[in-house]
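Welcome! Please take a look at the sequence and the 3D structure before reading the briefing below.

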Amino acid sequence: MKKEIENLKEYKYGFTTDVENIRAPKGLNEDTIKFISEIKKEPKWMLEWRLKAFERLKKLKEPNWQKPKYPKIDYQDLYYYSAPKNASSKPKDIKDLDPKILETYKKLGIPLEEQKRLNGIAVDAVFDSVSVATTFKEKLNDVGVIFCSISEAIQKHPNLVKKYLGSVIPITDHYFATLNSAVFTDGSFVYIPEGVRCPMELSTYFRINASQTGQFERTLIIADKGSYVSYLEGCTAPMRDENQLHAANVELIALDDAEIKYSTVQNWYPGDEDGKGGIYNFVTKRGLCKGTNSKISWTQVETGSAITWKYPSCILKGDNSIGEFYSIAITNNHQKADTGTKMIHLGKNTKSKIISKGISAGLSDMTYRGLVDISSKANNSSNYTQCDSLLMGNKCGAHTVPYIKNKNSKSNVAHEATTSKISEDQLHYCQQRGLNSEEAVGLIVNGFCKEVLQQLPMEFAVEAQKLVGISLEGSVG
Amino acid sequence: MLKINNLNAKIKNKSILKDFKLEINPGEVHAIMGPNGSGKSTLSNILSGKKGYDVSGEILFENKNLFKLETEERAHEGIFLAFQYPLEIPGVNTNIFLKTSLNAIKKARGEKELDALEFLNLVKKKAKELKFEEEKLNRQLNVGFSGGEKKKNEILQMSILQPKLSILDETDSGLDIDALRIVADGVNSLRKKDNSFLIITHYQRLLDYIKPDYVHVLINGKIMKSGGPELAIELEKKGYESYN
């Protein structure tokens with residue numbers, strides 16, 4: 001039994017895959033950007049767009065207002081593109097994929113082979129800087145859904161990409177978003193045509209494999225009028241002593257009466273027990289409820305990364321649009337998180353809901369930071385925010401920083417926050433009923449997170465529950 | 001079944017149990033009565049494995065040294081504590097808690113775990129017997145339950161887990177007369193030749209419904225007198241003062 005627990009405590013996705021890589025030369029400069037654009041056979045407009053972002057980047061400063069501090073990143077000492085050699089031009093058929101990569105995804109529990117595919121879930125697999133496989137493409141094609149890598153979309157659907165890329169997160173947005181715009185490598189592209197309810201869950205599985213490499217993924221999801229899509233992303237990385245940067249941009253656009261449900265289960269390598277290594281997860285995620293009656297819902301389960309720094313946000317532009325944010329963030333050992341959301345109410349009758357559950361254990365530190373901004377024109381709008389923090393032990397921290405700007409007297413904002421601790425008595429009670437201490441913590445924490453877990457698609461809710469338990473293992477004496 | 005020899009227990013250097021001795025054989029019902037602060041709850045806490053006590057002496061449960069067993073291992077062996085103050089666990093469905101508990105114990109014993117349907121049938125039957133409203137099984141564990149409901153929930157758990165030794169820590173306190181009868185019926189239905197009970201109480205009242213084989217008077221961490229059921233009646237008349 002003890003042994004089993006020991007095994008579980010280890011980060012089970014920490015292995016590396018030995019594949020030969022093609023890399024861009026080290027360093028952040030125009031040549032690197034040209035290299036990326038060229039190897040992806042991008043059209044000229046795309047390269048120009050990247051270079052424009054790079055020009056802008058030179059004038060920007062890295063932000064420093066966040067709670068978790070980190071040592072200065074040497075951007076010239078990073079690789080910005082790394083791809084398995086024989087995958088740099090994406091194989092047409094999964095059969096042609098490097099068996100080592102297939103094996104990697106199998107180990108991660110994401111079978112890509114035709115006969116073993118996850119039921120009812122289409123997967124785009126991103127390995128370092130490239131998308132290596134996308135499943136169920138034909139089936140989705142039949143209903144007009146486009147689900148492919150962003151690189152492929154740039155070539156095959158340039159009009160959609162041109163129209164929407166950077167429309168929610170402009171290239172001038174902020175340091176990491178601008179950096180991403182200059183050097184993004186791959187990610188997913190989704191377009192749901194008018195009136196189509198996407199027949200299956202779409203998901204992207206991000207894997208960092210190569211060392212000294214930053215991953216700059218770019219995802220763009222467009223839900224046309226009256227359409228619906230549920231999308232899920234998962235992330236893992238090998239165990240390394242170094243800190244690796246993951247700076248992604250995710251843009252969502254929902255037109256009239258459309259709904260996008262975006263779920264994340266983030267389990268990047270968190271570093272070891274002493275805080276060595278781990279991923280810097282600095283991500284910009286923003287959804288635009290562009291049309292009337294549109295809805296965007298973010299659900300995140302953040303258990304990994306050395307530092308998580310992200311605020312999946314909704315811009316509620318269309319009248320009657322709805323934004324939701326459901327979050328579970330767990331930090332253990334030396335992990336740090338500064339996460340939350342922004343709800344920007346621009347349209348009339350817009351509604352937003354924020355449910356945030358933060359759990360900190362060990363020596364970790366957790367901050368919920370959120371903005372609710374109701375503009376003077378957003379009549380009859382409302383927000384409900386609930387932020388709950390759960391502390392385990394006496395050495396961790398939890399902070400709640402809500403910013404509320406209500407410029408409209410016809411609109412209202414409600415905020416509730418609680419902080420609690422798992423009590424020794426609760427643990428004793430569960431243990432007296434036959435659960436060991438880890439199971440007891442898992443049960444109590446899952447109860448604490450229930451409202452958020454319920455938002456996840458069924459298949460992932462079970463996995464997320466287990467992950468919640470595993471992330472906190474070793475946090476009780 | 002349970003043998004306690006010279007148990008001494010301290011908390012923060014304050015001596016609570018002093019050379020405490022007790023032996024419970026299979027099928028016996030023992031009642032421990034005593035005033036506030038006599039060490040009754042400390043005894044149930046220590047038997048269940050609660051940390052924070054400085055203990056010496058020996059506790060054997062079916063010849064196994066209890067001090068070497070974790071709290072959950074004691075539960076797996078068949079020790080059950082009906083808590084004086086059952087804990088609330090927000091977000092955890094009562095049914096799910098019960099199923100998790102039962103299956104954790106079954107698993108540890110190498111028995112077949114119950115699937116959702118088997119469990120539901122079992123819990124429905126038991127809840128009916130105890131007049132525990134089924135609707136409450138779908139509520140968060142003990143959250144918003146009245147004092148009486150919490151105590152009944154403890155007895156429901158006991159009847160599902162079928163422990164060898166059940167310790168009832170002031171289960172009667174806060175119960176109205178109807179609830180008291182239901183709790184007593186629950187205990188009595190579990191009374192078999194292999195199952196034993198340790199009932200901790202202030203009052204003789206519960207013992208009208210659950211007839212003990214032995215009654216012990218606990219004062220200042222020591223058993224001052226032991227006897228049959230008649231001792232409880234004597235106590236009620238004389239009060240604890242006379243045993244000091």
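How are α2(A) and α3(A) oriented to each other: roughly parallel or roughly antiparallel? With an angle of about 155° between helix α2 (residues 30-39) and helix α3 (residues 44-59) of chain A, these two are therefore roughly antiparallel to each other. This is a predicted model, in which local features need pLDDT of at least 70, side-chain atom pairs count only at pLDDT 80 or more, and totals for chains, interfaces and linings use all residues. Residues are numbered from 1 along each chain as its sequence is written, while chains are lettered from A and ligands numbered from 1 in the order in which they are written.

**Reading the terms**
- Helices (H or I, at least four residues) and strands (E, at least two) are DSSP runs, numbered from the N terminus.
- Axes are lines fitted to C-alpha atoms, for helices over the stretch in contact, and angles run from 0 to 180 degrees between N-to-C directions.
- Angles under 35 degrees count as roughly parallel, over 145 as roughly antiparallel, 65 to 115 as roughly perpendicular and the rest as oblique.
- Two residues are in contact if their C-beta atoms, placed from the backbone, lie within 7 Å.

**A helix pair in chain A**
- The axes of α2(A) and α3(A) are 10 Å apart.
- On the α2(A) side, the contact is made by A:Glu30, A:Ile33, A:Lys34 and A:Ser37, and α3(A) brings A:Met46, A:Leu47, A:Arg50, A:Leu51 and A:Phe54.

**A helix pair in chain B**
- Helix α4 (residues 116-129) and helix α6 (residues 147-161) of chain B pack at about 130°, with their axes 10 Å apart.
- That angle makes α4(B) oblique to α6(B).
- Here B:Leu122, B:Val123, B:Lys126 and B:Ala127 of α4(B) meet B:Leu156, B:Ser159 and B:Ile160 of α6(B).

**Strands in chain A**
- Strand β21 (residues 382-391) pairs in the parallel sense with strand β19 (residues 351-360) over ten bridges; strands pair if DSSP finds at least two bridges between them.
- Within this pairing, A:Ile354 has A:Thr385 as its bridge partner.
- Ten bridges also join β21(A) to strand β23 (residues 412-421), and the two run parallel.
- There, A:Cys387 stands opposite A:Ala417.

**Where the chains meet**
- Chain B gives 19 residues to the contact and chain A gives 16 residues.
- In chain B, α2 (71-77), β7 (89-93) and α3 (94-108) each supply at least two residues of the side that touches chain A.
- The most comes from α3(B), with five residues.

**Confidence**
- The predictor gives the complex an ipTM of 0.96 and a pTM of 0.85.
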